[in-house]
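Here is a short report on one protein structure. Keep the sequence and the 3D view open as you read.

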Amino acid sequence: MFILSRPRLFLPTLLLLSFLPGTLAQQSDSTKQTNRHSLYGGLGFGSDMTYSGYSLSGSRPYYSADLLYSYKRSWTAAFMVYHLADTQTALAFYDFTLAYRKTFNSWWDAGASLAAYFTAKDLRDLYFGNFAYMSVSAGLDWRLLYTRVVYSTILDDSQTRYFQIKNSHYFSTRDFWKDKAFVDFNPTANMSWGKRYDISKTNTEETENGPVEYPEYSTSFGLLDAEFSLPISFNYGNMTLEVEPLYNLPIYKDPDFPAREGMLIFINLYYKIL
């Protein structure tokens, strides 16, 4: 398929949705949540905002803050804000997410989420515009491995869809420091498929200011990237500090927002308010 231009709607790195069922939901498990209502506040740092072959922050580090409410460990509502390093805009992106997760038994679970994303007006030409995003998933616990399959789509006319397979193995230490602390680990391997944009040719148009080049894109569906990470969380009372080294291996590099290959680092601090 060939298109003259591409939509300026791009998915920000679970982080956004990827992080909601991963980091934040995992944090609820890590703190051994038992309350019907739970409220968390968090601060974070990431060395790059990458997702499925894209570097959505232009390879810039980012800082984040989030507020997450959980009801019966099934319903989750989250609000997140992001600031990009070396930019004058204080609030670059923010999003609202509503998610539901159902555990059927010790083997199976499923979930769905709906999110709305917003970008600062002066950054939309450089990054992405406002849009809504939906995701559904199913998980299977093999005991030695936990496999989650995720299907996601942007809710617009671009027909941009993503497919992910995540394999992880969660384990934790025994409680220590008067049974108030423990450390958990969740090594993860993730592969993503989705729409790929490639520049098929470049057209030149003569204007009053001289020639202007316009790329013509072709699209296809294929493997985008692979990620290998080792989230390590230190939990003490109502506080959780998570450090996640991640190796990003882009199989496909977007022509406009190429993700870099190499080691990334994500640091998040959460506090259980309720």
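S7 and S8 pair in the antiparallel sense over eleven bridges. Two strands count as paired if DSSP finds at least two bridges between them. Tyr100 has Ala112 in S8 as its bridge partner. Four residues make up the hairpin link from S7 to S8. The model is a predicted one: local features need pLDDT of at least 70, side-chain atom pairs count only at pLDDT 80 or more, and totals for chains, interfaces and linings use all residues. Residues are numbered from 1 along each chain as its sequence is written, and side-chain values use heavy atoms, with hydrogens and water left out.

S7 covers residues 93-103 and also pairs with S6. That pairing is antiparallel too, over eight bridges. Here Trp75 has Tyr100 in S7 as its bridge partner. So what do side chains do along a strand? In a regular strand they alternate between the two faces of the sheet.

## The whole protein

How many helices and strands does the protein have? It has one helix and 18 strands. Both kinds of element are DSSP runs, numbered from the N terminus: helices are H or I with at least four residues, strands are E with at least two.

The protein has 274 residues, and 47% of them count as buried. Buried means under 20% relative accessible area, exposed means over 50%, and partly exposed lies in between (1.4 Å probe, protein chains only). The accessible surface comes to about 13,900 Å². Carbon and sulfur atoms account for 61% of that surface. These areas come from the Shrake-Rupley method with a 1.4 Å probe; for residues, only the protein chains shown count as cover.

Look for Leu84 in strand S6, which spans residues 75-84. Is Leu84 buried or exposed? Leu84 is buried, with a relative accessible area of 0%. Leaving aside neighbours within four places in sequence, Leu84 is in contact with Met49, Ser57, Pro61, Tyr62, Ala92, Phe93 and Tyr127. Contact means heavy atoms within 4.5 Å. Ser64 is 20 residues from Leu84 in sequence, and their C-alpha atoms are 8.9 Å apart in space.

The largest nonpolar core has 27 residues. Leu84 and Phe93 have the most contacts inside it. The elements giving two or more residues to this core are S5 (62-71), S6, S8, S9 (131-141), S15 (210-229) and S18 (262-272). S6 gives the largest share, four residues. A nonpolar core is a set of buried Ala, Val, Leu, Ile, Met, Phe, Trp, Tyr and Cys residues joined through side-chain atoms within 4.5 Å. In soluble globular proteins, nonpolar side chains tend to be buried together.

## Strand S10 and its partners

Seven of the nine residues of S10 are buried, so S10 is largely enclosed by the rest of the structure. S9 and S10 pair in the antiparallel sense over nine bridges. Ser135 stands opposite Ser152 in S10. S9 and S10 form a hairpin with four residues between them. In that turn, Arg143 has a positive phi of about 75°.

S10 also pairs with S11, residues 161-168. This pairing is antiparallel, over eight bridges. Val149 stands opposite Ile165 in S11. The hairpin of S10 and S11 has six residues between the strands, and Gln159 there takes a positive phi near 55°.

## Salt bridges

How many salt bridges does the structure hold? It holds three. A salt bridge is a side-chain nitrogen of Lys or Arg within 4 Å of a carboxyl oxygen of Asp or Glu. Arg101 and Asp109 form one, at 3.7 Å from N to O. Arg101 is partly exposed at 28% relative accessible area, whereas Asp109 is buried at 6%.

Asp109 also meets Arg148, at 2.4 Å from N to O. Arg148 lies in S10 (residues 146-154) and Asp109 in S8 (residues 108-119), so the pair ties together parts that are 39 residues apart in sequence. Both Arg148 and Asp109 are buried. Arg143 and Asp141 form another salt bridge, at 3.9 Å from N to O. Arg143 is partly exposed at 43% relative accessibility, and Asp141 is partly exposed at 24%. Shared partners join Arg101, Asp109 and Arg148 into one network of salt bridges.
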